[in-house]
Amino acid sequence: MRGEETSDEILMAAYQAGNEAAFSELFGRYSGSIYGFLVRRLGDRALADDLYQEAFLRLHRARATYDARRPFRAWIFGIVHNLVADVRRGRGRIPEAVAVATVERGAEAPSPERLTAAREATATLQAAIRGLSPDEATALLLARVEGLGYAEIGGVLGRSAAAAKQLAYRALKRVRAAMAARGHEELS
Amino acid sequence: MKRTMPCAEYGDWMMDALAGAADPHDAVARAHAAGCEACRRSTESARRGWDVFTNMPPVAPPPALAARTRDAVLREMAAERGRMAVWRRRAAAPGVADWRVTLQVPLAVTSAVLVTTATLLLLGGLVFASTLPRGHLFFCAAMYTGLLVGAFSWIYSATTVRGVHLDAAARVGILALAITVAATTACPELHVLAWWDRSAFGVFFTERLGRGGSSLVFGFGYGLFPGFLAALFGGRLLAERPLANGLVAVAVVFLLATPVIYLQSAPFTAGVIAIWLVGTAVGTMCGVFGALRVRRRVDFAAA
């Protein structure tokens, strides 16, 4: 159970002191989240692959700057958000890419029609996320997919919790409008 | 009195309720929605937008990529441990730790005086053969000694404050000073700016940009190359917090270059010198940050 696990902050303190096992544990906890965030945020798997390794190397090199009073999740996603912002600045707008339209494999195989519809809806959602401003996209993904609180998201973006909530709300409305405009009411 | 909820507060509640941070059955909010068509519509729209993500497929990193990434960080940790072990062995050697602490200040002062003397001797021809007043020279000696005592103290005590490596910035600054002094000494003319003004480039820029513009271009190059080379070869640690570390390194390089500029300033007007200094500051910044970008690309490719 997560409640009995060592907290991220304690693991981070051990990692700062050079403990490899602590790093491996943190890596295990956040590897998937970071990768998923990058893929959804960028809509480009090849670019996400490049930045994934860079994100962890940045985390490693910046570990001395981590303040244990801050939530670890906000800190690590702050590094990833800044990394994406750097890439955007360096390369201009992130190019339109092949949407990440993978479909979950459930216990029951979906019908081909359902599969196609799900792929299309995922692609549309990905396009809608790409149409958001960087801060809106980050706020929405962190709130909706990663489950961060608005105060934590504010910490990632360098804004207040209220501003982060506003960003997420605006992003939600824009995503919903983009989905509706393309005839996708829900992704199911 | 029955509590009511304004629309703005309802919007806040709705986002919290979607995120699971507020009670979705809150009676006050429900009462508000019952009487407010706009809020009802916006809730429905937000809920649908929120639900769109429900079946978004999970994405996992390819196992080989995850393993490579984890190994890259563990390799860095192992290399750092190796360096630390060497340092600890040295520090633990009998008398070494005490020696470092006791001699830190005298070493910093001695190093600063030596570098100041060497710098002024190398540039001495400029001072004694020109119309510079003697007070000028003493002023520069005092400036250099003060700046260098600080820089060497950082280096000898391996000073790092909140991830900003002052020792690395000082090393970059002293390396840049050495490059600047070497280049200035090697200049065929007594004053580098006079040499620039007579060169083909100087004439070209003076014709197009005037005297001030030409000084600005010269100052830019004067800061750019030493800053770039010093940060490229001496700035490994600066990449950790690139902005903060880079700005500190720029400040140190610029401060250490200023007395050289001051030493050569006698024949020129205050305006030309000021423009030269501005150009040097901008050039140093471009040089140091350019070198950090190059280092980052090289490190990334190597990882």
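**Entry 1: chain B overall.** I began with burial: buried residues make up 34% of the 303 residues in chain B. I call a residue buried if 20 or more other C-beta atoms, placed from the backbone, lie within 10 Å of its own, exposed if 12 or fewer, and partly exposed in between. This is a predicted model, where local features need pLDDT of at least 70 and side-chain atom pairs count only at pLDDT 80 or more, while totals for chains, interfaces and linings use all residues. Residues are numbered from 1 along each chain as its sequence is written, and chains are lettered from A and ligands numbered from 1 in the order in which they are written.

Next I looked up the elements: chain B has 12 helices and 2 strands. Here helices (H or I, at least four residues) and strands (E, at least two) are DSSP runs, numbered from the N terminus. From the N terminus on, I read the order in chain B as α-α-α-α-α-α-α-β-β-α-α-α-α-α. Of the contacts in chain B with a separation of 6 or more, 76% join residues 24 or more positions apart; two residues are in contact if their C-beta atoms, placed from the backbone, lie within 7 Å.

**Entry 2: where the chains meet.** I find 39 residues from chain B and 43 residues from chain A in the contact. On the chain B side, α1 (7–18), α3 (37–51) and α4 (63–92) each supply at least two residues. The largest share of that side, 11 residues, comes from α4(B). I sorted the side of chain B that touches chain A by class and got 22 nonpolar, 7 polar and 10 charged residues. Nonpolar means Ala, Val, Leu, Ile, Met, Phe, Trp, Tyr, Cys and Pro, charged means Asp, Glu, Lys and Arg, and the others, Gly among them, are polar.

I then picked B:Ala66, which lies in helix α4 of chain B. Is B:Ala66 buried, exposed or partly exposed? B:Ala66 is partly exposed, because 19 other C-beta atoms are within 10 Å. Not counting residues up to four places away in sequence, B:Ala66 touches A:Ser31 and B:Pro61.

**Entry 3: a helix pair in chain A.** Helix α6 (residues 134–144) and helix α8 (residues 161–181) of chain A have axes that come within 8 Å and cross at roughly 95 degrees. Axes are lines fitted to C-alpha atoms, for helices over the stretch in contact, and angles run from 0 to 180 degrees between N-to-C directions. α6(A) and α8(A) are therefore roughly perpendicular to each other, a term that covers 65 to 115 degrees. Their contact has 10 nonpolar, no polar and 3 charged residues.

From α6(A) I followed A:Ala139, which meets α8(A) residues including A:Ala164 and A:Ala168. A:Ala139 is also among the residues with the most contacts inside the largest nonpolar core, which has 64 residues. Such a core is a set of buried Ala, Val, Leu, Ile, Met, Phe, Trp, Tyr and Cys residues joined through C-beta atoms within 7 Å. A second, separate core of 56 residues includes B:Ala170 and B:Phe218.

**Entry 4: back to chain B.** Helix α8 (residues 166–186) and helix α11 (residues 242–263) of chain B pack at about 35 degrees, with their axes 8 Å apart. The residues of this contact divide into 15 nonpolar, 4 polar and no charged.

Last, I checked B:Phe204, in helix α10 (residues 200–234) of chain B. B:Phe204 counts as exposed because 12 other C-beta atoms are within 10 Å.

How values were computed:
Angles under 35 degrees count as roughly parallel, over 145 as roughly antiparallel, 65 to 115 as roughly perpendicular and the rest as oblique.
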